[in-house]
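Subject: Handing over the structure, with notes

Dear colleague,

I am passing the structure on to you here, together with some notes on what was found in it. Please look at the sequence and the coordinates before reading on.

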Amino acid sequence: MACDKTMEHVVQQGDTLYKLSRQYKTTVASIIMDNARVNPYNLQIGMKLKICPGAEYQWPGESMAGEELQDDMRLAWLDHVYWTRMFIMSVAGDLPDQKEIAEQMINQVERIGKIFAQHYPQNVVRTLTDLLMDHVELAGSLVTALKTGEQATAARLRQDWYQNGDAITVLLANETPEYNPDTLKEMWNTHLQLTEQEAKQRLAGEYARDVETFNQIEREIIRWADYLAKGLQEESEKSGI
């Protein structure tokens with residue numbers, strides 16, 4: 001059978017034909033047929049093999065397959081809400097690790113940006129990342145203002161936080177036609193509302209309600225992540241990527 005696109009694999013320590021067949025989503029028989037002069041029982045390090053990857057193989061630089069994209073999107077956004085929760089708990093308990101936790105929150109923004117970099121132009125990814133960085137910084141400042149009882153400051157930060165959210169959802173909707181702007185805004189605003197509610201409950205010592213709110217945050221962020229992943233995947237398929 002003709003192969004539309006072949007690649008060259010340089011044999012590394014520990015390589016076997018079975019391992020390579022799994023890696024490239026093909027079969028051992030296919031690799032053997034494409035490398036008739038190679039002894040399949042005596043692969044040598046540095047040896048070059050011609051391989052025809054299977055249809056499910058993800059070529060470097062190509063967008064992620066649906067399930068992988070969904071998993072990566074979920075993990076990135078779940079980590080975002082986990083580190084946000086740890087920051088809230090640190091502020092509420094006057095713990096000395098707020099700077100370190102804030103750095104982890106920023107790292108998660110970069111992780112999310114890398115996922116979108118598989119689908120968006122570099123300048124758009126940079127804008128999205130900057131907006132998410134602002135989201136994290138505003139969230140941290142809002143929690144601190146709520147802790148210190150600075151109501152006027154908290155009100156201003158809350159307004160900026162929601163305006164930042166509007167900018168995020170507009171950018172996503174503009175770049176991915178599969179996204180419904182109203183759906184994006186509804187889900188993101190729900191995330192903001194629940195996060196502020198979580199902070200207020202933790203600061204007030206309402207721990208049972210705080211835990212229940214965070215359970216809801218987890219469910220909502222998974223819904224958000226799945227919606228983002230589905231839209232990106234559908235857009236890629238429609239574009240033939």
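This is a predicted model: local features need pLDDT of at least 70, side-chain atom pairs count only at pLDDT 80 or more; totals for chains, interfaces and linings use all residues.

Strand β1 covers residues 7–10 and is joined by 4 bridges to strand β2, residues 48–51, with the two running antiparallel. Within this pairing, E8 stands opposite K50 of β2. In a regular strand the side chains alternate between the two faces of the sheet. In β1, M7 and H9 belong to the covered face, while E8 and V10 belong to the uncovered one. In β2, L49 and I51 make up the covered face, and K48 and K50 the uncovered one.

The axes of α5 (residues 122–148) and α6 (residues 151–175) come within 9 Å and cross at roughly 160°. Angles over 145 degrees count as roughly antiparallel, and α5 and α6 are therefore roughly antiparallel to each other. Their crossing is left-handed, and the contact between them has 16 nonpolar, 5 polar and 4 charged residues.

A residue to look at here is L157, which has its place in helix α6. L157 counts as buried, because its relative accessibility is 7%. Leaving aside residues up to four places away in sequence, L157 touches L138, S141, L142 and A145. The C-alpha atoms of L157 and A139 are separated by 8.2 Å, although these two residues are 18 residues apart along the chain.

For α6 and α7, the axes come within 9 Å and cross at roughly 150°, and these two helices are therefore also roughly antiparallel to each other. The crossing of α6 and α7 is right-handed. On the α6 side the contact is made by R158, W161, Y162, G165, D166, I168, T169, L172 and A173, and on the α7 side by P181, L184, K185, W188, N189, L192, Q193, T195, E196 and K200. By class, the residues of this contact divide into 9 nonpolar, 5 polar and 5 charged.

From α5, the residues making the contact are L132, H135, L142, V143, L146 and K147, and from α7 they are W188, H191, L192, E196, A199, K200 and L203. These divide into 8 nonpolar, 2 polar and 3 charged residues.

Is E198 buried or exposed? With a relative accessibility of 1%, E198 counts as buried, because the cut-off for that class is under 20%. Not counting residues up to four places away in sequence, E198 touches R85, I88, D210, T213, F214 and I217.

K25 has a phi of about 55°, and the place of K25 is in the loop between α1 (17–23) and α2 (28–34). K25 is partly exposed, with a relative accessible area of 45%. D94 likewise has a positive phi, near 55°, and lies in the loop between α3 (66–92) and α4. D94 is exposed, with a relative accessible area of 58%.

In helix α4, residues 98–116, one finds E100, which counts as partly exposed at 44% relative accessibility. E100 and F87 are 13 residues apart in sequence, and their C-alpha atoms are 9.3 Å apart in space.

How values were computed:
Residues are numbered from 1 along each chain as its sequence is written. Side-chain values use heavy atoms; hydrogens and water are left out. Contact means heavy atoms within 4.5 Å. Ala, Val, Leu, Ile, Met, Phe, Trp, Tyr, Cys and Pro count as nonpolar, Asp, Glu, Lys and Arg as charged, and the others, Gly among them, as polar. Buried means under 20% relative accessible area, exposed over 50%, partly exposed in between (1.4 Å probe, protein chains only). Two strands pair if DSSP finds at least two bridges between them. Axes are lines fitted to C-alpha atoms, for helices over the stretch in contact, and angles run from 0 to 180 degrees between N-to-C directions. Angles under 35 degrees count as roughly parallel, over 145 as roughly antiparallel, 65 to 115 as roughly perpendicular and the rest as oblique. A crossing is left-handed if the near helix is turned anticlockwise from the far one by less than a right angle, and right-handed if clockwise.
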